[in-house]
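Hi everyone, thanks for making time for this one.

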Amino acid sequence: MSTVIDGSASVTINSGVILGITSGTAVPSTSGTSIDFTSIPSWVKRITVMFNGVSTSGTSNWLLQLGSGSVTTTGYLSVSARLTNAVAVATTSYTTGLGIFNDSAAAVVGGICTFTLLGSNAWTATAVLSRTDSVSIYTSGMTIALGGTLDRVRITTVGGTDTFDAGSINILYEG
Amino acid sequence: MTHRIVVNVETGVVTQVEYTAEEQAVHDAALAAQALAEAQVLAEAQAAAAVVVAPTEPVA
């Protein structure tokens, strides 16, 4: 016997978890020093942050930060790398977020970062993005132990003063 | 004023949140420090380029 569920884009079970993947709201990343996705449900176990043609005004590396009630700015263990043909691999470590390389204000970047819940508010992440205006790959990894249940993701820069000036960003989340 | 973008994923509401006066002051100070550092790097580079190497006598 099969069960057919029809007429809805999602199914919610008793615990409040929405089965399947839920999309946030895509926003233009064309202004501001940070973009926050807030009110992420407590049952979420995986978050995918998607970058489409994103650029910032300077060369400050990018940061993705998680939070519980407020944005957590310390305690991350993250390293990012830039892979470019015939150029030595460049790496940078971070404690203030999941770092993503950014070596040019002209860089236009697309790709994804995926955060996964290890357990007990410990999150891990990986990121793979590419410059669409040249031939470089940016990749990163990260772990963080949050003080509580995750409810937000912030996308910003290390320096915090560069502004977004192109593209769009959205998230997917799932339980 | 500088701002950040906030997206509430439950409601789908997108809000532009302006910096407070304190946040703006921190932001402006960071920009000023960054400009100063860049100016110092440029000045050092120009000074290094301006170093004149004394000519030496040709070896007979």
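I'll start with confidence, then go through the interface, the strands and the salt bridges.

First, please keep in mind that this is a predicted model. The predictor gives the complex an ipTM of 0.89 and a pTM of 0.87. For chain B, the mean pLDDT is 88, with 90% of the residues at 70 or more. Looking at the elements of chain B, β1(B) has the highest confidence, at 97, while α1(B) has the lowest, at a mean of 90.

Now to the interface. How many residues does each chain bring to the contact? Chain A brings 19 residues and chain B brings 16. Together the two chains bury about 1400 Å², and carbon and sulfur atoms account for 55% of that area. On the chain B side, the residues that lose the most area to chain A are B:Ile5, B:Val7 and B:Val9, which together make up 43% of what that side buries.

Which elements of chain B give two or more residues to this side? They are β1, residues 3–8, and α1, residues 21–49. β1(B) gives the most, with 6 residues. Sorted by class, the chain B side has 8 nonpolar, 6 polar and 2 charged residues.

What about specific interactions across the interface? The rule finds 0 salt bridges between chain B and chain A, but it does find 11 residue pairs in polar contact, with both residues at pLDDT 80 or more.

Strand β5 of chain A, residues 35–38, runs parallel to β1(B), and 4 bridges join them.

B:His3, for instance, has B:Glu18 in β2(B) as its bridge partner. The two strands make a hairpin with 5 residues between them, and B:Gly12 in the turn has a positive phi of about 80°.

Last topic: salt bridges. Over all chains, the search finds 7 of them. One is between A:Arg82 and A:Asp103, with the closest N and O atoms 3.0 Å apart. A:Arg82 sits in strand β8 of chain A and A:Asp103 in the loop between β10 and β11 of chain A, so this pair ties together parts that are 21 residues apart in sequence.

That's my tour, and I'm happy to take questions.

Notes. Residues numbered from 1 in each chain as written. Chains lettered and ligands numbered in written order. Predicted model: local features only at pLDDT ≥ 70, side-chain atom pairs only at ≥ 80, totals over all residues. Heavy atoms only, no water. Contact = heavy atoms within 4.5 Å. Buried area = accessible area lost by both parts, 1.4 Å probe. Salt bridge = Lys/Arg side-chain N within 4 Å of Asp/Glu carboxyl O. Polar contact = N/O pair within 3.5 Å; in protein donor to acceptor, adjacent residues only side chain to side chain. Nonpolar A, V, L, I, M, F, W, Y, C, P; charged D, E, K, R; others polar. Pairing = 2+ DSSP bridges. pLDDT = per-residue confidence, 0-100.
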